[in-house]
Structures are given as C-alpha cells and as structure tokens.
Amino acid sequence: MADTYLLSNAGLDALFSAIRADGRRILAPTDPDGRSELNPVGTPAEVAKDYLQTTLSAKAVVFPKVERLLSYTLAPGQVELADAVPAAVPTVVFGIRPCEAGGFQALDAVFNWDTRDRFFNARMAALAVIGVGCTRRDDACFCTAVGGGPGATRGSDLLLTPMAEGYLAEVLTEKGRALQALAPDRFQPAAGVDKAALLVQVPPAFDQPALTARLPALFDSELWADQALRCVGCGACAYVCPTCVCFDIQEEADRQGGQRLRAWDSCGSRQFTLHASGHNPRDTQGQRWRQRIYHKFSIYPERYGMLGCVGCGKCTRACPVDMNLQEHLVEAAQA
Amino acid sequence: MELIEKAKQLLETGAVKAVLGFEPGTHGGRRPAIVRRAERAARLVFDPGCAQNLASYVTRKEVKRLGRLAVTARPDTLRALLQLMAERQLREEDVLALAVDAGGQVVELETAQAMEEHLALEPKELPARDRELMDRLRRMTREERWAFWQKELSRCVKCYACRNSCPMCYCEHCTMDCNRPQWVPVPSHALGNLEYHMVRAMHLAGRCVECGDCGRACPVGIPVHLLTFNAEESVHAQFGQRAGASAKLDYALSTFRPDDKETFIR
Amino acid sequence: MTDTFEPKITAFVCNWCTYAGADLTGTSRIKYPANVRVLRLPCTGRIDFMLLAKAFARGADGIIISGCHPNDCHYTSGNYHARRRWMIYRDLMDFMGIDTNRITFSWVSAAEGAKWAELVNEVTAGIRALGPYAEYKELVHAGVE
Amino acid sequence: MTEPNIYLPHLMRIARITEEAPSVRTFRLEFVDDAAAQSFHFETGQFGLYSAFGEGESTFCIASSPTRRGYIECTFREVGRVTAALADKEVGDIVGFRGPYGNVFPIEDWQGKNLLFIAGGIALPPLRSVIWNCLDLRERFQDITILYGARTVTDLVYKHELKDWTDRPDVNLVCTVDPGGETPDWTGKVGFVPHILEQLAPAPADTIALVCGPPIMIKLTLPVLARLGFTPESIFTTLENRMKCGLGKCGRCNTGSSYVCKDGPVYTLEQLNRLPAEY
C-alpha cells in the first residue's frame with residue numbers, strides 16, 4: 001500500500017530545489033507560445049498552470065526520437081565498431097498524467113521482451129516519475145475504459161493529487177521513497193482525505209475486455225477499411241503516443257565511417273512493412289489502421305498481459321483529421 | 001440544410017458515388033467525412049469551422065476507387081482541384097465541387113471553367129496571422145531567421161502529417177521514401193528535418209495553393225506552411241503565375257522565359 | 001584560427017561550358033586557389049537543389065554553380081530551367097536563414113578561362129572572409145541522443 | 001554495469017563469394033573474433049541480420065548447415081540499398097552479422113521419416129541449410145527427395161551442389177525450369193513446380209514436406225500437397241517479412257500476433273492456417 005502524505009505548495013518548491021540539488025533535471029509541462037510540451041524547469045512556478053496534457057508524450061525521455069545504437073570507422077578491408085552507451089541523464093518527469101505514466105510499462109514490455117534493450121533500460125533507470133492526477137478531462141480521454149483512471153498509480157513513483165491548497169502525495173515505489181527522502185520533512189501525515197473526491201470523473205467509454213475478445217473475429221471485417229477512409233496515413237498518432245514503441249533503424253555514413261540510428265516509426269506508413277521486392281503485407285490504409293488497433297488491444301494482451309493503450313487521447317488530439325480512437329473503439333465494440 | 005439536400009440528391013441519383021464533406025468531430029470541431037449513402041448525408045455540415053482542404057482526398061487510392069466525387073469546397077479547395085487537373089492528376093468529369101456563392105447559396109461547379117469563374121470572385125489573400133509572421137520573418141536578419149527555423153524545426157518528429165495532408169502531395173513514391181540514393185536522412189534529427197522541409201517547400205513551389213493545411217496538420221505547431229507560402233509567393237513575384245488559378249497551367253519550374261529576370265547570377 | 005582557415009568550396013559545373021572554361025584556365029596556366037573542388041554534371045539543368053544541401057552537409061563552406069550563358073545551352077534550355085530553379089531556391093534558402101552569400105551562381109563559357117579564375121579567386125576570398133560555415137556544420141550531428 | 005548492446009553485430013570476414021545466378025551471390029562468412037566463433041551456435045531454419053556498413057542491415061536466413069562449423073553462409077539477391085552494397089563486397093571485406101534469430105526446423109522430430117523438399121528460385125537457401133543438415137545425419141532419415149524449380153536454367157542457385165545431389169544415390173533430386181526457361185542441353189524437367197509435384201506424386205505417409213518459394217508457387221503447391229494427402233501438420237515453410245531488429249521489438253514483421261522474428265520464421269501449414277495472411 002502506498003504511503004500517503006500532504007505536500008504543500010511550499011513543500012513542492014522545496015522538493016524541486018532538493019531534486020535539482022541532487023543533480024537531476026526536472027522536465028515538466030510548459031506552454032511556450034500556447035503549445036504544451038515537456039521542458040526543463042527549475043521551480044513549480046515555471047510549470048504550465050492550466051494544461052490538460054502535453055502534445056507529445058514523455059516517452060521521448062526514455063525512447064528518444066533519434067538515438068545512436070552504434071558507430072564505426074571504415075578503412076579499406078577494415079571496420080572498427082564503436083559501441084554506443086546512452087547518456088542517461090538523471091531526470092525527474094513532473095506533472096504527467098496517470099495515463100501517460102502507465103505508458104512506460106507498455107514500452108518496457110516490448111523493449112525487454114526476451115532480450116533486454118540497454119538504451120531504454122539505462123534511461124529508465126535514471127528516471128523518476130512524479131505524476132499529477134487529473135482534475136479535468138476532455139472528450140479524447142478514455143483512461144477508465146483501459147484500466148486506468150484520473151488517479152491511477154501505475155507508472156508513477158510519486159503521485160500528486162491537487163487539493164485546494166497543495167497536494168495529496170502518494171509515495172509508490174523505491175524511487176518515490178528516494179524522492180521523498182530528498183525533502184522528508186515536507187511530507188506531512190495525511191488522514192481522512194478523500195482522494196476520489198478531488199479527481200475528475202471519467203465514466204468508462206466501452207467494455208475493453210469484450211472488445212479484446214471480439215477482435216479476432218473482426219479481423220476480416222470491412223469496418224477497418226471504412227474507418228480508415230478518412231485517415232491520411234501520417235505518423236502523428238504514433239509519435240505522440242506514450243506506448244507506441246515501433247522503430248526504424250537507419251544508417252548514416254560516409255567513406256570514413258558512420259553510425260546506426262534508431263528512430264521512431266509508425267505502422268500507419270506504407271513503407272513500414274514494404275518488402276524490397278515491392279510486396280507489402282499491409283498494403284492498404286485499412287490494414288495498417290487495423291494493425292494499430294490490434295497491436296494495442298489484441299496483440300499486447302495476448303503477448304504481454306497488458307494493453308498497449310492507456311487512453312490518454314493524445315492520438316485523437318494530434319490527428320489532423322480527427323481519427324478519434326475512442327469513437328472507433330466503441331464502434332468496433334458494437335460491430 | 002441545402003448542402004445536405006444536394007448531397008442526398010447527388011447520391012440518390014448516382015451522379016456521384018461519394019460526397020467529401022465535413023461532420024462534427026471531437027471537441028466541437030469539424031472533420032472530413034466521406035459520405036457514400038444518402039441516408040448518411042444528414043450529418044454533413046459546412047460552416048467556417050470546416051477548415052480543411054478536402055482536395056487532398058481525391059487522389060487517394062482508396063477514395064478514387066469509390067467513383068465520381070462531390071467535394072465540399074472552399075476557395076482553396078477549388079484551387080487545389082484545378083491545380084490537380086493542371087497536373088493531370090484529376091479529370092474534370094471525375095469530380096464536382098459544392099461551393100458557396102456570395103449570396104450564401106450552395107452551388108454545384110461541374111467544370112473547371114465554372115470553378116475558375118467562381119474563384120475569380122475571391123482574390124487570394126493570406127490569413128492576417130500568417131501574413132504578419134511572414135513579414136516579421138522577412139524583416140529579421142538572416143541569422144535570426146536561421147535561429148527561428150532551427151528552433152521550430154527541432155520539434156519536428158517527421159510524422160509527415162504536413163505532407164500527407166497536402167492536396168498536392170500525391171506522389172506514390174515520395175522523395176522522402178527513396179533510399180537509392182538516400183536523398184534525405186530518415187531520422188528527425190536537425191539535418192533530416194531541415195532537408196525534409198526544404199525539399200517539401202521546393203517541391204511545392206509553383207504548386208502550393210496556400211491553403212495552409214500542412215501547418216494546420218502539424219501536431220507540434222511548426223508553421224511549416226510559411227515555407228511553401230514563401231516558395232509560392234516567390235514564384236508569383238518572379239514568374240507572375242499562381243498555382244490553382246486554372247486547370248491549364250504550366251508548372252512554373254518546368255518551363256521558362258528567355259527574359260526571366262534575376263539579380264544574382266554573375 | 002581564422003587566419004589558418006582554408007575554405008572548402010564545391011563547384012557544380014556543366015560539362016559543356018564551365019567545365020571546359022575551367023579546363024582552359026588550367027591549360028592557359030592561369031593560377032587559382034586550390035580550395036575549389038569541381039564536380040562536373042551534364043548541364044546546370046541537372047543540378048538538383050538537394051546537391052547544394054548535400055555539399056553543405058558534407059562540410060562545404062561555399063558553393064559555386066556555373067554553366068552556359070543564356071542561349072548557349074548544349075541542350076537548348078537546361079540553363080534557363082536551372083535559372084528559374086535558382087531564383088526560387090535562393091529565396092527559400094534565404095527565408096530559412098541559410099547564408100546565400102555562400103552560394104555563387106555564374107555563367108562561364110568554354111572560352112572564359114580567365115573569368116573562371118577570377119570567379120574562384122573572388123569566391124575563395126569572400127568565403128575566407130565569412131569564415132567556416134559553422135552553423136551548418138553544427139547542424140550535422142545535432143538532434144541525435 | 002551496462003547491459004550488452006543487442007544491436008551490436010559481429011564482424012565477419014568474407015571468405016568466399018559464389019556467383020549463383022544473375023545478381024544472386026553466396027557469401028561464406030568467418031568470424032573476425034575467435035571467441036565469437038567459438039561460442040556461436042545456431043540451428044537450421046534460423047536467420048540473421050547482415051550489415052553492409054555504410055548502408056544498413058538486411059535479413060536473410062543462414063543458408064549453411066549447423067553441422068558445418070567455423071563459418072556461416074548466406075545467399076542473397078541484389079534488390080535494394082543494402083543488398084546492392086553487399087554485392088559490391090569482395091573476398092576479405094568485412095560485413096556485420098547479428099543472430100542467430102528465430103525458431104528452427106524440428107529435425108529431431110523427423111527421425112525415421114521421409115523428407116520432401118520443395119523449393120522455387122531464390123527460396124532454396126533456407127532449405128539448403130536443412131538439406132545439408134539432414135544429409136550430414138543421413139542415417140536418421142528415410143528417403144530424401146528434393147524438387148527444385150526456377151524460371152530458367154541460369155536462375156537455378158547452388159548449381160554445383162545440385163550436381164552433388166544428383167550424383168548421390170541417397171538423394172532423389174528433381175530439377176525443373178519454367179516452360180521456355182530451358183537450354184538445349186537441359187536434362188531436367190520442364191514445367192511449373194506444382195505440376196511436377198503432381199507427376200511425382202510422393203506418398204504422404206511418414207513424410208515431412210518443406211516448401212519454400214515465391215508466394216505464387218506456395219499458393220499453387222499447397223493444394224497439390226493436400227490432394228496428395230499431406231496433413232497441414234506435416235508441411236513446413238519459412239516466412240520472410242520485413243524486419244529491422246530481429247528481436248521482436250521494431251514492430252513490423254508480425255502476422256497477426258505472431259512475430260516472424262521470434263515465433264518464426266519456421267511455421268507449419270497448420271500454424272499458418274490459424275494466422276491472418278499478413279505475409
């Protein structure tokens with residue numbers, strides 16, 4: 001069970017100072033020019049006041065959009081390999097929502113399935129997450145349909161729930177306890193606080209277990225092509241998604257040497273599965289859209305015992321043609 | 001609503017196989033709707049919130065396959081349809097436009113000529129916000145402009161929402177997807193992003209109808225549309241033609257005049 | 001540092017006029033700086049704008065594009081097409097903040113060996129004065145974690 | 001402290017290059033690092049990612065048999081950026097190799113059975129690994145039949161080995177080329193693989209069929225096997241989907257919930273029948 005405390009606004013100020021004094025950077029939602037994005041901050045005052053979520057997810061902290069896997073130098077008949085070690089900057093991510101915090105587990109499931117991904121793991125080890133529970137939502141949110149909630153603790157090391165003054169603070173993990181230990185006297189005993197009453201209500205939008213159970217039978221349905229007719233096939237949904245883990249490996253080199261880079265990729269793009277021969281197992285946008293849904297709601301549960309979606313709604317907000325995921329899932333659940 | 005009636009009638013008579021329009025979306029917004037059955041036409045709306053250029057759908061394989069299309073069109077949509085005809089990507093008989101005339105009436109524009117005439121009443125002007133930012137950028141020193149774009153492009157994740165939303169980006173095999181040679185680096189690092197946006201703007205010079213959908217599509221709010229606007233304005237200023245003005249327009253960069261005037265060649 | 005700076009200049013030239021002109025510079029024993037690396041293409045019409053971007057990305061501090069004078073193109077109109085392309089591209093580069101002072105366009109005919117030497121001299125001196133194209137070089141490895 | 005880098009390839013020196021057919025080559029690769037050579041093990045059916053440094057990685061099966069130690073072989077056709085760069089390599093050059101990845105042909109289970117290999121064109125390499133593996137353990141199996149077809153005589157790969165197999169009394173090799181693909185001195189069959197298979201009419205009892213070829217060949221061959229009485233459990237094939245990691249992470253090789261890089265590339269027809277056709 002989590003240890004629950006009260007953390008005043010001044011206490012949070014002190015915690016920020018202590019984290020920075022501990023040599024860690026703090027990334028938090030800020031709103032430069034009206035955008036909402038994660039940026040380094042020094043104090044809670046720099047954190048955006050009225051944000052719902054950032055546009056991009058926090059996954060970039062542990063799975064950057066471009067990272068080096070290795071490099072090498074070339075000479076005639078010779079190759080000198082140089083291993084790449086990720087620069088894992090000690091980081092605290094503050095203020096992401098419980099949905100997004102839960103996304104790290106979905107990344108972990110793939111990066112560490114059978115073989116362990118050093119790059120992800122090194123960055124993950126250097127990361128602590130201070131989630132902040134939700135006091136409001138929008139139409140894209142559906143966390144409660146996928147096992148989360150506005151106050152869900154999964155993925156957060158420390159979860160803060162905003163109160164009229166200060167926060168209800170739940171210390172959830174070893175990393176959370178280490179954060180607490182940076183400013184121990186700021187965590188005051190809490191008793192009788194009704195956490196649920198502080199949070200926004202999000203009624204479940206659909207019956208996810210039923211949907212997951214239905215998906216195998218829907219594989220050949222026209223539904224996916226119909227839904228995807230509007231889709232323009234860009235990667236916005238995948239790149240803002242806190243759980244989308246698919247990547248590309250690209251080589252960049254000249255005659256003297258080069259590097260092998262890992263970059264975000266998207267199952268929505270035609271090239272993703274295109275064979276050199278020209279054959280493409282997922283040749284239409286409908287097939288690619290289906291893959292996106294099935295990966296998250298069928299393959300993930302089957303292979304990793306969890307969902308590949310946290311219901312944050314970022315994809316819906318980022319989509320240039322409003323491919324509202326929740327709506328499409330509801331439609332599938334009723335198909 | 002008049003548009004709904006028109007859409008129903010077009011679908012019922014079989015005059016078109018689908019109507020490209022708008023429907024209410026998330027957060028009270030408007031989103032593209034591809035209506036194939038008359039009974040589904042009731043959800044169509046057409047108001048100032050309907051910002052997208054639906055011409056981007058008419059070249060998509062899955063939409064083309066449906067048959068003749070009616071496209072709910074704002075002026076930029078008409079320009080894009082005409083430009084697609086000029087580039088032999090769209091046949092006049094495969095599309096009709098549903099536009100709103102000065103009196104607020106929905107009109108069917110069945111020919112390129114009708115579209116051209118409709119457009120002649122609507123002078124092309126950039127939205128004030130874009131105009132201001134363009135002017136501000138041009139007043140900057142070169143170094144400031146570099147810093148501006150480097151900061152903006154550093155957010156690019158190469159999701160290609162800008163490309164895929166563009167009515168003129170219809171190529172089956174985009175330069176970005178070409179790897180022999182690898183013209184533009186795939187990853188969205190600084191060089192990859194700069195080169196991508198440079199190529200995109202150059203490939204749209206003389207073809208951009210200045211609808212701004214690329215900028216609207218960008219999930220991280222990069223004003224990428226200003227790059228293609230600039231290229232298009234450069235074509236207009238120097239060669240006196242505008243993309244989308246007519247269904248019979250030579251591509252500015254595959255033609256020339258012996259007396260083209262420049263100021264920099266030595 | 002700048003006094004030891006030797007600019008790297010990439011010249012994209014057409015086969016029929018400027019390349020022959022540069023050749024004439026050599027056979028006429030006219031000296032010009034060795035900073036320029038000449039890349040011969042069939043025609044200025046073939047010089048894709050991406051080649052310029054690639055030259056900067058590979059470390060060029062300056063670029064020369066040169067071909068046949070108007071009306072003298074071996075392929076009739078390649079240079080006219082190229083001229084249009086550069087008129088647009090130069091505007092775009094400037095709008096993106098790329099230093100157009102580092103790119104020189106010229107017409108050099110097969111008979112203009114002296115003009116070629118003069119051009120290379122001036123461009124080399126100009127780029128030397130501008131210094132290395134640090135902004136662009138910094139870009140090359142930026143954004144990889 | 002840090003974990004090993006699973007994306008780091010072994011360096012391999014090209015020991016031999018065999019020109020098999022137009023734009024098809026076989027590389028024999030030896031580990032540059034002796035320790036890596038010593039600890040390296042694979043089983044037949046597995047694949048790897050081969051690097052042409054400067055261009056990237058490409059996925060091919062290991063075409064040699066695990067019974068032949070000290071090297072691995074791969075056979076590839078020049079079709080894209082990486083394979084073109086590999087094709088430019090010469091003996092002594094260095095390439096990269098990551099692997100072995102994927103599952104294996106369960107040859108342990110096939111003791112005492114007849115083996116029927118059916119391959120088309122450039123898809124012989126994955127079966128060649130099994131063929132040599134089984135020939136090196138010849139006494140464990142009953143009849144071994146190989147039906148191999150290509151468009152033309154020049155397109156047949158492993159020509160010297162086809163000759164070996166022809167000469168061996170314990171192998172029944174049937175080669176065929178598509179009509180029009182024969183040369184005047186061609187002594188093999190002329191006709192498409194499914195037709196020749198029909199003529200050959202191998203008995204299904206105690207027989208394992210291994211089928212590898214272009215999609216159209218597989219599509220037309222499977223019904224013939226079914227007509228002959230082969231059960232879906234007795235028919236094996238290998239899938240090749242586009243891959244970047246080979247480790248079940250990059251997300252593109254799956255067909256349904258089955259990842260070709262982890263659960264494959266070897267599948268029985270019975271398994272494939274339960275998967276969506278995303279290959």
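# Reading chains, strands and helices

Me: How far apart are the closest C-alpha atoms of chain C and chain D, and how many contacts join the two chains?

Reply: The closest C-alpha atoms of chain C and chain D lie 15 Å apart, and no contact joins these chains. Keep in mind that this is a predicted model.

Me: Which pair of chains has the most contacts?

Reply: Five pairs of chains touch, and chains A and D have the most contacts among them. On the two sides, 35 residues of chain D are in contact with 45 residues of chain A. On chain D, strand 4 (56–61) and strand 13 (254–255) each supply at least two residues of the side that touches chain A. Sorted by class, that side of chain D has 13 nonpolar, 12 polar and 10 charged residues.

Me: Now a sheet. What is the strand order of the open sheet in chain C?

Reply: In chain C, the open sheet of four strands reads 2-1-3-4, with parallel pairing. Strand 2 (36–41) and strand 4 (103–107) of chain C are the edge strands, since each pairs on one side only. From one strand to the next, the twist averages 20 degrees.

Me: How many bridges pair strand 1 with strand 2 of chain C?

Reply: Strand 1 (residues 9–14) and strand 2 of chain C pair over six bridges, in the parallel sense. To find the place by eye, look for Val13(C), which stands opposite Arg40(C) in strand 2 of chain C.

Me: Which strands of chain C does helix 1 of chain C lie across?

Reply: Helix 1 (residues 18–27) of chain C lies across strand 1, strand 2 and strand 3 (62–67) of that chain. The helix runs at about 115 degrees to strand 1 of chain C.

Me: Which residues of helix 1 of chain A are buried?

Reply: A residue is called buried if 20 or more other C-beta atoms lie within 10 Å of its own. In helix 1 of chain A, the buried residues are Gly11(A), Leu12(A), Leu15(A), Phe16(A) and Ile19(A). They cover an arc of only 145 degrees around the axis, so they are on the same side of helix 1 of chain A. The face turned away from this buried side carries the exposed residues Ala10(A) and Ala21(A). The cover over the buried residues includes strand 1 (3–7), strand 2 (25–30), strand 6 (91–96) and strand 9 (167–171) of chain A.

Me: What span should helix 1 of chain A have?

Reply: Helix 1 (residues 9–21) of chain A has 13 residues, and at 1.5 Å a residue these should span 18 Å. The end C-alpha atoms are 18 Å apart, which agrees. After helix 1 of chain A comes Gly23(A), with a positive phi near 85 degrees.

Me: How many residues of strand 11 of chain A are buried?

Reply: Six of the seven residues of strand 11 (residues 247–253) of chain A are buried, so this strand is largely enclosed by the rest of the structure. Strand 11 of chain A runs antiparallel to strand 12 (residues 257–264) of chain A, and seven bridges join the two. One bridge to check is that of Ala253(A), whose partner in strand 12 of chain A is Gly258(A).

Me: Is Trp110(D) buried or exposed?

Reply: Count its neighbours. Trp110(D) counts as buried because it has 21 C-beta neighbours inside 10 Å. This residue lies in the loop between strand 6 (94–101) and strand 7 (114–120) of chain D. Leaving aside neighbours within four places in sequence, Trp110(D) is in contact with Leu115(D), Phe141(D) and Ile208(D).

Me: Where are Lys158(B) and Ala201(D), residues with a positive phi?

Reply: Neither is a glycine: phi is near 50 degrees in Lys158(B) and near 45 degrees in Ala201(D). Lys158(B) is in the loop between helix 6 (142–153) and helix 7 of chain B. Ala201(D) is in the loop between helix 5 (193–200) and strand 11 (207–212) of chain D. Lys158(B) is buried, with 27 other C-beta atoms within 10 Å, whereas Ala201(D) counts as exposed, with 10 C-beta neighbours inside 10 Å.

Conventions:
Residues numbered from 1 in each chain as written. Chains lettered and ligands numbered in written order. Predicted model: local features only at pLDDT ≥ 70, side-chain atom pairs only at ≥ 80, totals over all residues. Contact = placed C-beta atoms within 7 Å. Pairing = 2+ DSSP bridges. Axes fitted to C-alpha atoms, helices over the stretch in contact; angles between N-to-C directions. Nonpolar A, V, L, I, M, F, W, Y, C, P; charged D, E, K, R; others polar. Buried ≥ 20, exposed ≤ 12 C-beta atoms within 10 Å, placed from the backbone. Expected span 1.5 Å × (residues − 1). Arc of directions from axis to C-beta.
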